[in-house]
Amino acid sequence: MNSDPKLIKDSQELSHLICKIEDSGSVPCTCSLLRCEGWDTMSDSMWPQKQLIQLGTLRDARVDEPTFEEFQPTSLRADDPKALISVEHFPYNRCDVFACTKCNQAVMRYTEYGGYYIDHRARRVRAEQIIKGE
Ligand SMILES: [Zn+2]
């Protein structure tokens, strides 16, 4: 049985996971992850569930309401594909982390809840974009 996804505790652990995926190489793939550069909307119908594995989650179930504060040490917008990743900050602190089993592209996804809608957002992730903590 699939139990709850493993909690990724910190940036070290996340970058370790993603480095491992990146090191395993990739084959050409046409999955829809190619189009989610920087927090693009990814509905369930676009989401290539079948060929993804979940690496874990950054959403700590023991925290009722993770912060909505953002952290971006560069002048880039948070949805810029080159924006850096701080796992303690929004929206990373509520993301699940996946990788495509074909192209080995790592991706994060979270769900934004509006008044009358829910919006799944995803962005591709590279290990070098993760801000390493202490
Ligand atoms: Zn792929």
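Student: Before we start, what counts as a helix or a strand here?

Tutor: Helices are DSSP runs of at least four residues, and strands are DSSP runs of at least two, numbered from the N terminus. Keep in mind that this is a predicted model.

Student: Okay, how many helices and strands does the chain have?

Tutor: The chain has 1 helix and 5 strands. From the N terminus on, they run α-β-β-β-β-β.

Student: And why call the chain as compact as a globular protein of that length?

Tutor: Its radius of gyration is 14 Å, close to the 14 Å that the globule rule gives for 134 residues, so the chain is as compact as a globular protein of that length. The C-alpha trace spans about 40 × 35 × 35 Å along its principal axes.

Student: Switching to the sheet: what is the strand order?

Tutor: The order is E1-E5-E4-E3-E2 in an open sheet, with antiparallel pairing. Strand E1 (40-41) and strand E2 (52-57) are the edge strands, each pairing on one side only.

Student: How many bridges join E2 to E3?

Tutor: There are 5 bridges between E2 and E3. Leu-52 stands opposite Cys-100 in E3.

Student: Now the core. Which residues touch the most other members of the largest nonpolar core?

Tutor: Val-97, Ala-99, Ala-106, Val-107 and Met-108 do, out of 24 residues in that core. Helix H1 (11-23) and strands E3 (96-100), E4 (106-113) and E5 (118-125) each give two or more residues to the core.

Student: What does Val-97 touch, leaving out residues up to four places away in sequence?

Tutor: Its contacts include Ile-8, Leu-14, Leu-55, Ala-106 and Met-108.

Conventions
Residues numbered from 1 in each chain as written. Predicted model: local features only at pLDDT ≥ 70, side-chain atom pairs only at ≥ 80, totals over all residues. Core = buried A, V, L, I, M, F, W, Y, C linked by C-beta atoms within 7 Å. Buried ≥ 20, exposed ≤ 12 C-beta atoms within 10 Å, placed from the backbone. Contact = placed C-beta atoms within 7 Å. Pairing = 2+ DSSP bridges. Rg over C-alpha atoms; globule rule 2.2 N^0.38 Å.
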